[in-house]
Each structure stands twice: as structure tokens, then as C-alpha cells.
Amino acid sequence: HNVAGLGWQEWNPGKVEYALKNNGRPIWVDYTADWWPTCKVNEKRVFSDDRVLAKLKELNFEFISVDDTKRRPDIALDLLRVNRSIIPVNLIYPPNYPEEPAIMIDTLCGPDEALKILDRIQEVIQASN
């Protein structure tokens, strides 16, 4: 999907791990599916907020979409890797992961919650510079 024109990349096994090792940027991973309304509500609420979009651009985020609309077994396995079995799941990885843990959103999320998480990521980036 291309929510808010953020340049979402399609997930495949190993993509997140590769990006974390090689890109040095924070990553937003969105596990989503067309048949799950909570995912669509989160996307609409979070990625239509100008404050959130500005902060994401400022922090130079990379975006990876894990689309489980077709219920793929490799996605089910990847969810288990992060100790979840159902969506929605959003994982926000700081650029220095795993020194700093990823932040998980696995419920409904609005722009204010997202901004708190992005402020935390910004603190991590500033502390490591």
C-alpha cells in the first residue's frame, strides 16, 4: 500500500533485518490486511495527521508494509518472531536496534500516541549522535 505517499516498500522475509543492518534509519513496519478494519483505521488516523507526517520525514523513516491480505504462511511465521499471532501490529525500530528495543503498537492507535513514540525515537537518535 502507499499510505500518505510515504514510499512504502513491500515486505519479504529478511527485508527488515537487512534494512536494520545496512540503512542506519528508523523503520516503521506495518503488518496489515485489507480484511481487517482496525488496520485501516490506524493507517487513516496516524498517517493523515500532518504533525505525524512531518516528524516521520524529519526523522528520515523507512517504511515497510507487511500485507497479509492473502494470509501468507511466511507472514504468520514473521509475526511469531515478534511474539504476536494476530494483526494489527506496527513495529517502530530505532536506528540503533537492538541496543534500543523496537516499540510495538498492537491496538488502535491515534496520532497523539504515534507522536509520543516518534519523540522517543528522536531522543534515541539525538543520544547516539
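**Close-up 1. Contacts of Lys55.** Lys55 touches Leu115, Leu118, Asp119 and Gln122, where residues up to four places away in sequence are not counted and contact means heavy atoms within 4.5 Å. Lys55 is found in helix 3, helices (H or I, at least four residues) and strands (E, at least two) being DSSP runs numbered from the N terminus. With a relative accessible area of 14%, Lys55 is buried; buried means under 20% relative accessible area, exposed over 50% and partly exposed in between, with a 1.4 Å probe and protein chains only. The model shown in every view is predicted, so that local features need pLDDT of at least 70 and side-chain atom pairs count only at pLDDT 80 or more, whereas totals for chains, interfaces and linings use all residues. Residues are numbered from 1 along each chain as its sequence is written, and side-chain values use heavy atoms, with hydrogens and water left out.

Close-up 2. Five strands form an open sheet with the order 1-3-2-4-5 and mixed pairing, two strands being paired if DSSP finds at least two bridges between them. Strand 1 (9-10) and strand 5 (103-105) are the edge strands, each of which pairs on one side only. Strand 4 (residues 89-93) and strand 5 run antiparallel and are joined by three bridges; Ile92 has Ile103 of strand 5 as its bridge partner. Helix 4 (residues 73-81) packs on the sheet, where it touches strand 2 (27-32), strand 3 (62-67) and strand 4, and its direction makes about 125° with that of strand 2. For this angle, axes are lines fitted to C-alpha atoms, for helices over the stretch in contact, and angles run from 0 to 180 degrees between N-to-C directions.

**Close-up 3. Strand 2 within the sheet.** Strand 2 is largely enclosed by the rest of the structure, because six of its six residues are buried. Ile27, Val29 and Tyr31 lie on one side of strand 2 and Trp28, Asp30 and Thr32 on the other, and both faces are covered. Six bridges join strand 2 to strand 3, and these two strands run parallel; the partner of Tyr31 in strand 3 is Val66. Strand 2 and strand 4 run antiparallel and are joined by five bridges, with Asn90 of strand 4 as the bridge partner of Asp30.

**Close-up 4. The nonpolar cores.** The largest nonpolar core has 20 residues, of which Trp28, Leu56 and Phe61 touch the most other members. A nonpolar core is here a set of buried Ala, Val, Leu, Ile, Met, Phe, Trp, Tyr and Cys residues joined through side-chain atoms within 4.5 Å. Helix 3 (50-58) and helix 5 (111-128) each supply at least two residues of this core, and the largest share, six residues, comes from helix 5. A second, separate core of 18 residues has Leu20, Cys39, Ile87 and Val89 among its members.

**Close-up 5. The largest pocket.** The space in the largest pocket amounts to about 180 Å³. Ten residues line this pocket, and the closest to its centre are Glu10, Asp67, Thr69, Lys70 and Arg72. Strand 3 gives the most to the lining, with three residues. On a 1 Å grid over the protein atoms alone, a pocket is an open set of points where a 1.4 Å probe fits, with protein on both sides within 12 Å along at least five of seven lines, and lining residues have an atom within 4 Å of a point. Grid points are joined across faces, edges and corners, and a volume is the space filled by probe spheres set on the points.

Close-up 6. Asn42 lies in helix 2 (residues 37-46) and is buried, with a relative accessible area of 3%. Apart from residues up to four places away in sequence, Asn42 touches Phe47, Pro88, Asn90, Thr107, Leu108 and Cys109. The peptide bond from Ile87 to Pro88 is cis, with omega near 10°, and Pro88 has its place in the loop between helix 4 and strand 4. Another cis peptide bond joins Tyr97 and Pro98, with omega about 10°; Pro98 is found in the loop between strand 4 and strand 5.

**Close-up 7. Positive phi in two loops.** Arg71, in the loop between strand 3 and helix 4, has a phi near 50°, a positive value in a residue other than glycine, and is exposed, with a relative accessible area of 58%. Asn83, in the loop between helix 4 and strand 4, has a positive phi near 60° and counts as exposed at 63% relative accessibility.
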